[in-house]
Amino acid sequence: MYRYDHFDHSLVQERVREFRDQVRRRLAGELSEDEFKPLRLRNGLYLQRHAYMLRVAIPYGLFSSRQLRALAGIARRYDRGFAHFTTRQNIQFNWPQLEAVPDILEELAAVEMHAIQTSGNCIRNITSDHLAGVAADELEDPRPWCEILRQWSTLHPEFYWLPRKFKIAVTGAARDRTALRFHDIGLRLVHNADGVTGFEVWVGGGLGRAPAIAERLRDFLPGTQLLSYVEAILRVYNLHGRRDNLHKARIKVLVQAMGVDRLREQVEAAWQAMDHAALALDPAELAAMQRHFTPVSPARRPLPVGPPPDPRAHPGFAHWLRQNTRAHKDADRRIVYVSLKHPGAPPGDITAAQMEAVADLADRYSHGELRASHEQNLVLAHVANRDLVPLWRALDAQGLATANIGTVQDMICCPGIDFCALANAASIPVARGINQRFEHLDELYRLGEVRIKISGCMNACGHHHVGDIGILGVDKHGEQWYQVTLGGSASDGSRIGTRLGPALPAGAVADAVAAVLEVFAEQRSGEESFASVFRRLGVKPFKELVYAPHHETLDTPQPVAACS
Amino acid sequence: MHLITRHSIRRNQWRHVADEEALGSGNVTVSLRRWRLQRETLLARFRPVGVRLQPDDAVADIAADLDRLDLLALDFGSFADGRGYSQARQLRQQFGYRGELRALQARRDQLQFLARCGFDAFELHPREDTDAALAVLKRSATAYQPAADGQSLVFRRRRHAQFEHVFNSIEGARRR
């Protein structure tokens, strides 16, 4: 993985000093809260319902055991002993004191981490495939490109005060695991007819209040020109994106207003007018970056050739092996998911003790490397087949081996009203309610891969638009209600979910999910996916069963506590 | 109002004249609209003249006149409106403007970014401390990317640093 050199170290240290001074000025009353807010946001610091929340960047989701240990230490000393992995592959602390944040940032800087641009109207953390470099369906490793983009976008002097936040994703695989077309810019690595590496460029995707699927801006952009072209897109957006209405300020609104063809003309014109040479990537510079991401070499640690461990040895292991591990491009290894979806815990949450245990396991079994997925799990990407049984035992002892990856229990869920100042409704208790309905793993396995995604407000941090089943918390006259959507998809064949019907009271959500899954199970042929069944049947049969028992109870909202 | 450059405090010699206000004597800046309406009158004064640009002004509209102007002053409207940064880079790098480029109502926390985008003078916000602002501009700051300040892309600087290292070790060996 990428290691800091003196440029990177100087930059984060200068930044810590600057923020320490900004905090001092705030505490001394030299800055009002209004003046301080945009400054703290660009350092990942939100003011939430009960306390400050600090979001720390995990660039493209890749980090080390040493970094995870440092995060555990921060959780212990500055928080309440836990942290939360987000849908943008970042990690959040919920209870830091303002006075302590500069110290936290200094500790992060010591392990090559920061919180720069994890919020605010600027270029956010670049996200990527959590299986980058190990997936069998990969054309090229996207991570060197992500790191190039990370450095270019960090403290970019021109693009620090954009109309709205700006999210970029990069993938190099055949199957999209990044929700590429729901990003402001989506970059897919391709080779042209001459074998030159470049990108298919997508623009204007996003979730939130008005979800949009990105449009294709360019079929092929030579990789060496990536930075100048992205700079041209950002310049057009910075100058022409709407600033009069917060809800219409994303680039997707600009794309819709002018059409992708006119946007393309403007971007190309801005691009032609720029100094390409200054931003062109030299092959030697690219190669230097690629060397940071060389694959784990089998020679460094000889592995036994032979079949993987016998799953019959333990039935629990067999389920875990099937659900929570994936094929590695090296047949002697498996990719292992660390499930942060224990049915009794908030999705994506992890305790300090669990972080330390996972860091030790990463050192022991996966070259000290970790990935955070946008589905809020962790990944150990290089586990030798012979280590699978001991790793499973160790994860199980920490409550991190629930064999539920890809199942109903593997829900994406934002923090909701329990933490977030923007939320209209709770999300964690909704997830818990659904988990209580689906306790039996056998039932989950029978249903197969089903993606449930829960957001506590329109901002859609829980990606509800693109779940097989999406759940959105809304406020109706001070009561928490939930809007259900069906048939969304974040990956290939990107689709925005269809609304099921009128909003449901909190107490009815788990029943509604159960009814939807009942229809799915009945109508499914063989291993058919939820998306396929929904495409065939449309919303009607789901709607009929969900609303059948509720005509009387729908008008009497039950408080959210009913499902917690 | 305090005016600073990248290195020092400077006395302001310019008056920002509103559209309906008399020009008077001395150096004045006018809005882009007034410049268009009274261009000949303004040039006939034989006095330095500047134009104030708003965030929604297209800098291309003033491009043909850049060598007649001694000052361009960019009004950001609000701290959070970042269009001026793109306007500045376009003026410097695309249209080759070499005169004074002044940021109005500048705050300390913006200064390094403004300077990197090509501003060379800053009228400070009334609440801003002049010495602290100057200190920010003098502080060294690591930058990854090129802008209007001659900085080169960090990947290039790394490669050059490597060459230098190799060169120095060859030189060192030769001397021994």
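Predicted model: local features only at pLDDT ≥ 70, side-chain atom pairs only at ≥ 80, totals over all residues.
Residues are numbered from 1 along each chain as its sequence is written, chains are lettered from A and ligands numbered from 1 in the order in which they are written, and side-chain values use heavy atoms, with hydrogens and water left out.

**Stop 1: between the domains of chain B**

Show what touches what here: 8 residues of domain 1 of chain B are in contact with 8 residues of domain 2 of chain B, where contact means heavy atoms within 4.5 Å. These two domains of chain B bury about 610 Å² between them, with carbon and sulfur atoms giving 44%. Buried area is the accessible area (1.4 Å probe) that two parts lose on being put together, summed over both.

Now pick R116(B) and D149(B) and show their side chains, which meet in a salt bridge at 2.7 Å, N to O. The term covers a side-chain nitrogen of Lys or Arg within 4 Å of a carboxyl oxygen of Asp or Glu. Across this interface of domains 1 and 2 of chain B, the rule finds 1 salt bridge.

Colour helix 3 of chain B (residues 83-94) next: its 3 residues are the largest share of the domain 1 side that touches domain 2. Helices here are DSSP runs (H or I, at least four residues), numbered from the N terminus.

**Stop 2: chain B against chain A**

Bring chain A into view. The contact takes 33 residues from chain B and 46 residues from chain A, and the area buried between the two chains is about 3600 Å², 53% of it from carbon and sulfur atoms. Select F113(B), Y144(B) and F155(B): they supply 20% of the area that chain B buries against chain A, more than any other three residues.

Then zoom in on R89(B) and E231(A), a salt bridge whose closest N and O atoms are 2.8 Å apart. The count between chain B and chain A is 12 salt bridges, alongside 24 residue pairs in polar contact, both at pLDDT 80 or more. Which elements of chain B give two or more residues to the side that touches chain A? They are helix 3, helix 4 (111-116) and helix 6 (154-175). Helix 3 of chain B gives the most, with 7 residues.

**Stop 3: domains 3 and 4 of chain A**

Finish in chain A by selecting domain 3 (314-397) and domain 4 (412-563), two of the domains in its assignment. Their centres, taken over C-alpha atoms, are separated by 27 Å, and the contact takes 10 residues from domain 3 and 8 residues from domain 4. Domains 3 and 4 of chain A bury about 880 Å² between them, 59% of it on carbon and sulfur atoms. The salt bridge count between domains 3 and 4 of chain A is 0, while 2 residue pairs are in polar contact, both at pLDDT 80 or more.

Key: Domains from an automatic or database assignment. Polar contact = N/O pair within 3.5 Å; in protein donor to acceptor, adjacent residues only side chain to side chain.
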